[in-house]
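Good morning, and thank you for coming.

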Amino acid sequence: MRIELEKRAQASGLFTLVSPILALVLTLVFGGLMFWALGKDPLFALYSFFIAPLTEVWSLHELAIKAAPLILIAVGLSVCYRSNNWNIGAEGQFTVGAICGSIIPVTFYEWQSPLLLPLMMITGMIGGALYAAIPALLKTRFNTNEILTSLMLVYIAQFTLDYLVRGPWRDPQGFNFPQTREFVTEGILPAIWEDSGRAHWGFVFALVAAVGVWFMMRFTLKGFEVTVLGQSERAGRFAGFSSRGMVWFSMLFSGALAGLAGIAEVSGSINHLQPSISPGYGFTAIIVAFLGRLNPLGIIVAGLVLALTYLGGEGAQLAIGVSDKVARVFQGLLLFFVLSCDTLIYYKVRIVLAKARGSAAGGVQ
Amino acid sequence: MIVEAILLTVITASTPLVISALGELVTERAGVLNLGVEGMMIMGAVAAFAAAQMTGSPLTGMIAGIAAGAVFSLLFAFLTLTLVTNQVATGLALTILGLGLSGQIGESFVGQPGVRLPALNIPGLSDLPFVGPVLFHQDILFYLSIVLVIGVHWFLFKSRTGLMLRAIGDSPSSAHTLGLKVIRARYLAVMFGGACSGLAGAQLSLVYTPQWVENMSSGRGWIALALVVFGSWRPWRVLAGGYLFGAVTVGQLHAQAFGIGLPAQFLSALPYAATIVVLIAISHNRRTTLINTPASLGKPFVPDR
């Protein structure tokens, strides 16, 4: 048995829509099998993982809290990946954004002013952008692979945060716990609807960023430049676009959004710095970007789906007694299925049973 | 004595880097970029620990590690080679899935005592002063890593099959026209890389720290990927690079123990910072990078029918 691919003349419109859904269904089927193998009732497990969190108002708020950083980061990454710049260190830019955004509320901890929050968000974005500037500089100046450098910087960022909250920034009244002072009320991102739950304005930032980038990619010259340089650097050069400039633009842009996600998360839902501020949002956002087909509007949906896996993981831990690591397995499986289903968009897949050539025996046309 | 002890730990820290980087080197020489080294390594680590724990035999653990890495890499091979998915994204998927799956599998092993792979004496040689205990009283994986360096070098540069593999990595379409089985060769190269990463993972959970800790590979797979670039796709240079990194890792641990006034976190970040510095040093000369990089690295190939 052999699988043969035949390139389609043009991308299949049908499969562009069907493939993410197919990927989700396949993930659910495999997830069900996994629960069954763990000795759980697969249907009840899937229910408590993916449906139960959607049945209560407070958990919808939690969903928005978890989706916000995922969407913000993934929207930035989509610009990177579309232009063929492989920034996979968003987790580090998220961390540095959180650190830089916290400089003012931690060092001037008594300063109460309506200016505080905007300043925090801006310093957070600058921090994330500067941290992403390192791999951009190394790529443009020294030709260094941005995949490896941006990833190494993740570890360095995490050690820096760890140093700060255990060392110079530790709360003097905090009973030696490794965390900073709580931010003053003016430094806390407010809830959107305070009466029903704690979802904060980070989610609004995420939606605005997604719609903004969608507009940029669809209607502006910059968006066209991103697409052209990503598909063919040579063609881009003939059009007068600079591929170095694009490295800078995409890395700084995605770094700034990851930085904003970092400070919004810390300010809106943690309210202080601590050694661990993210359950791997920066890496999960890579999955979000691909599941959303690198389209900002698709990313909103994908961000909500992946946020659901986090939330479901926590819920399932209580309801059916499986570990929260199941969430990571789901996320990995999902990315695999998304990537393989995308093949259907660009290729006709034929499964050849006999040895003789050309004897197509069924398959997806 | 202290020098001896330090050298011993350097060897133990370097061996997993060398083994996994060698595997990735062969994969990349065939033109395939597998960023899933970290995922395959951690799968190898958990499989090796589990098998050794259940059978009591560290050798069985080692074999389980190799098998786990190879089987796991098959997933990557199927997607990138048969379904021609994006290699960068698929490699990342392999890492994410590996970290999740290993955490799930290893949950019941957390905190349990592991089985240590014993050191092997080489009769006669291990009695030599100084050199003996350092080089000839090691576990089998150290010897294996050296054999692998020699073997991979011989295979790539002295054997006919190795020449074909390099041809496939440089120009898959010409190789295909000449009648070489590009896809099959790439499958085998990816699986060799997976087996090596699995073995490196086995070294972590059977020798380096004989226990299971979640995420215990802690970025070593990524450092191995950087080592391949650092070694400009040549086995002996990869060996040298591996030992350089092993020395940095061990050096910072000793510096932490002696307390040299720097915060521990900065010392812990040192191996990662060193990776960046080394990458800059090696890639700033565009021409040497171009000459050494397999020409089709990371590019998908669909054979004409």
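Predicted model: local features only at pLDDT ≥ 70, side-chain atom pairs only at ≥ 80, totals over all residues.

**Two chains and their contact**

The crossing of α1(A) and α14(A) is right-handed, a term used when the near helix is turned clockwise from the far one by less than a right angle, anticlockwise being left-handed. Helices here are DSSP runs of H or I with at least four residues, strands are runs of E with at least two, and both are numbered from the N terminus. In this pair, α1 covers residues 13–37 of chain A and α14 covers residues 326–346 of chain A; they pack at an angle of about 145 degrees, with their axes 8 Å apart. Axes are lines fitted to C-alpha atoms, for helices over the stretch in contact, and angles run from 0 to 180 degrees between N-to-C directions.

Among the residues that make this contact are F15(A), L22(A) and F30(A) of α1(A), and F330(A), F337(A) and D342(A) of α14(A). Two residues are in contact if their C-beta atoms, placed from the backbone, lie within 7 Å. The residues of this contact divide into 16 nonpolar, four polar and one charged. Nonpolar covers Ala, Val, Leu, Ile, Met, Phe, Trp, Tyr, Cys and Pro; charged covers Asp, Glu, Lys and Arg; the others, Gly among them, count as polar.

Residues are numbered from 1 along each chain as its sequence is written, and chains are lettered from A and ligands numbered from 1 in the order in which they are written.

Let us take chain A as a whole. Chain A has 14 helices and three strands, and its C-alpha trace spans about 80 × 60 × 35 Å along the principal axes. Of its 365 residues, 51% are buried, meaning that 20 or more other C-beta atoms lie within 10 Å of the residue's own; 12 or fewer make a residue exposed, numbers in between make it partly exposed, and C-beta atoms are placed from the backbone.

How is chain A divided by the domain assignment? Domain 1 takes 1–40 + 322–365, and domain 2 takes 64–318; such bounds come from an automatic or database domain assignment. The C-alpha centres of the two domains of chain A lie 30 Å apart. Their contact takes twelve residues from domain 1 and 13 residues from domain 2. On the side of domain 1 that touches domain 2, α14(A) gives the most, with eight residues.

Chain B comes next. Its secondary structure comes to 13 helices and two strands, and 52% of its 305 residues count as buried. The C-alpha trace of chain B spans about 60 × 45 × 45 Å along its principal axes.

Where do the chains meet? The contact takes 42 residues from chain B and 38 residues from chain A. On the side of chain B, α4(B) gives the most, with twelve residues. That side divides into 25 nonpolar, 14 polar and three charged residues.

Finally, I turn to two loop residues. W233(B) lies in the loop between α10 and α11 (235–258) of chain B, and its phi is near 60 degrees, a positive value in a residue other than glycine. Is W233(B) buried or exposed? W233(B) is buried, because 21 other C-beta atoms lie within 10 Å. R293(A) also has a positive phi, near 55 degrees, but R293(A) is partly exposed, with 18 other C-beta atoms within 10 Å.
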